[in-house]
Amino acid sequence: MIDLDDTDRALLRALQKDGSLSAAALAKRVDMSQPAAWRRIKRMEEAGVIAGRRVVLDKEKLGFGVTVFLGVKLATKGRVSLEDFERAVSAIPEVQVVQHVLGLYDYRLKVVARDISDFERVLRRRVMALPGVGDVEANVLLSEEKRDIALG
């Protein structure tokens with residue numbers, strides 16, 4: 001655990017808005033020197049507070065118009081290992097998120113597809129063909145209001 005002050009939080013908020021900002025640009029936003037901002041960012045990276053930087057792609061502009069959340073319950077017969085299932089499902093390019101959860105289902109998957117027909121193909125030929133898959137429940141995303149988790 002690392003102690004974060006208001007300046008650290010301001011740097012993190014700025015990075016969340018634009019992960020491509022240089023240390024100089026970040027320093028300017030929080031009114032501090034570039035070396036001091038760089039040291040703080042480096043310290044937070046080393047502590048694991050900043051786990052990486054990524055590019056957020058617009059899935060609709062890339063042709064993925066449908067997002068579906070799948071609840072997957074593994075079959076008890078054969079008892080496929082969780083690691084085997086996770087490795088196999090993670091290899092499916094349309095599966096964007098794999099979450100091991102507690103509740104009615106064992107896994108929650110976020111799947112993107114071009115349209116419903118494309119999703120059906122992914123479901124039948126890829127997801128249902130995975131080892132150990134039992135029950136599956138699909139929920140189609142209708143709208144999405146908040147797309148990121150902002151630091152308060």
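Buried means under 20% relative accessible area, exposed over 50%, and partly exposed in between (1.4 Å probe, protein chains only). The model is predicted: local features need pLDDT of at least 70, side-chain atom pairs count only at pLDDT 80 or more, and totals for chains, interfaces and linings use all residues. Residues are numbered from 1 along each chain as its sequence is written, and side-chain values use heavy atoms, with hydrogens and water left out.

**View 1. The largest nonpolar core.** This core has 19 residues, of which Leu70, Val72, Phe85 and Leu109 touch the most other members. A nonpolar core is a set of buried Ala, Val, Leu, Ile, Met, Phe, Trp, Tyr and Cys residues joined through side-chain atoms within 4.5 Å. Two or more residues each come from strand E1 (66-74), helix H4 (82-90), strand E3 (107-113) and helix H5 (116-127). E1 gives the most, with 5 residues. Helices (H or I, at least four residues) and strands (E, at least two) are DSSP runs, numbered from the N terminus.

**View 2. Surroundings of Leu109.** Neighbours within four places in sequence are left aside here. Leu109 is then in contact (heavy atoms within 4.5 Å) with Val68, Phe69, Leu70, Val72, Val89, Val95, Val97, Val98 and Val127.

**View 3. Glu94 in its loop.** Glu94 sits in the loop between H4 and strand E2 (95-100). Glu94 is buried, at 10% relative accessible area. Its side chain joins that of Arg126 in a polar contact of 2.8 Å. A polar contact is a pair of N or O atoms within 3.5 Å; within protein, one must be able to donate a hydrogen and the other to accept it, and residues adjacent in sequence count only if both atoms are side-chain atoms.

**View 4. Arg40 with Asp5.** Their side chains meet in a salt bridge (2.9 Å, N to O). Arg40 lies in helix H3 and Asp5 in the segment before helix H1 (6-17), so the pair ties together parts 35 residues apart in sequence. Asp5 is partly exposed, at 32% relative accessibility. A salt bridge is a side-chain nitrogen of Lys or Arg within 4 Å of a carboxyl oxygen of Asp or Glu.

**View 5. Lys59 with Glu144.** The closest N and O atoms of this salt bridge are 3.8 Å apart. Lys59 lies in the loop between H3 and E1, and Glu144 in the segment after strand E4 (133-140), so the pair ties together parts 85 residues apart in sequence. Glu144 counts as partly exposed, at 28% relative accessibility.
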